[in-house]
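Reader: I have a structure to read and would like to go through it step by step. Please take my questions in turn.

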Amino acid sequence: MKEKDINEIPVPGELEGEMSDFIDLMNAAERTMEQARRRRNVVRWSYVAGVAASAALLVTFLFRQPAMPEDTFTNPHEAYACVEQALAAISEKMGSGIQQARRAENRIDAGTAKIKEMYERDNLLAN
């Protein structure tokens, strides 16, 4: 058909409005789908970034070398004397703590004995 013949074809009046509405609807649908596609891409990239960050942390912790303590003594006899001195100080502190615990235990035992005595006396009087 020639262009002149096409322009001469009668078009119903409401068809033009319907076509315009249809084109607008398709345009809106296309924009919505594009936005959804972008959101999916953002979500995918955020997952990828999260996995990469987790992998980097994991690699950092796996391959980190623990710090080796330095020797503070070159002579083993000096080191032994220092350890012996530290253990003696700990033993002294523990001995004093044990004495305090024994005194507290004796006080608790005396209090418990008084309570038992009072309880038994009350039971005898009640019977």
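Reader: What does the accessible surface of the protein come to, and what percentage of it belongs to carbon and sulfur atoms?

Author: This is a predicted model, in which local features need pLDDT of at least 70, side-chain atom pairs count only at pLDDT 80 or more, and totals for chains, interfaces and linings use all residues. Residues are numbered from 1 along each chain as its sequence is written, and side-chain values use heavy atoms, with hydrogens and water left out. Accessible areas come from the Shrake-Rupley method with a 1.4 Å probe, and for residues only the protein chains shown count as cover. The surface comes to about 12,600 Å², and the share of carbon and sulfur atoms is 61%.

Reader: Which pattern does the protein follow along the sequence?

Author: Helices (H or I, at least four residues) and strands (E, at least two) are DSSP runs, numbered from the N terminus. The protein has three helices and zero strands. Read along the sequence, the pattern is α-α-α.

Reader: In which helix is confidence lowest, and in which is it highest?

Author: Confidence is given as pLDDT, the predictor's value for each residue from 0 to 100. The protein has a mean of 82, and 90% of its residues reach 70 or more. Where pLDDT is low, the predicted coordinates should not be read in detail. The lowest mean, 65, belongs to helix α1 (residues 3-7), and the highest, 88, to α3.

Reader: Which side chains meet in a salt bridge?

Author: A salt bridge is a side-chain nitrogen of Lys or Arg within 4 Å of a carboxyl oxygen of Asp or Glu, and the structure holds one. Both partners lie in helix α2 (residues 13-63), three residues apart, about one turn of the helix. At 2.6 Å, N to O, the pair is R37 and E34.

Reader: Is E34 buried or exposed, or in between?

Author: Buried means under 20% relative accessible area, exposed over 50%, and partly exposed in between (1.4 Å probe, protein chains only). E34 has 31%, so it counts as partly exposed.

Reader: Which residues form a nonpolar patch on the surface?

Author: Such a patch joins nonpolar side chains (Val, Leu, Ile, Met, Phe, Trp, Tyr) within 5 Å, from residues with over 30% relative accessible area and no salt bridge. One member, V83, is in helix α3 (residues 76-126) and has 46% relative accessibility. With about 480 Å² of accessible area together, the members are V83, L87, I90, M94 and I98.

Key. Patches are made of residues with over 30% relative accessible area and no salt bridge: like charges are joined within 9 Å, nonpolar side chains (Val, Leu, Ile, Met, Phe, Trp, Tyr) within 5 Å.
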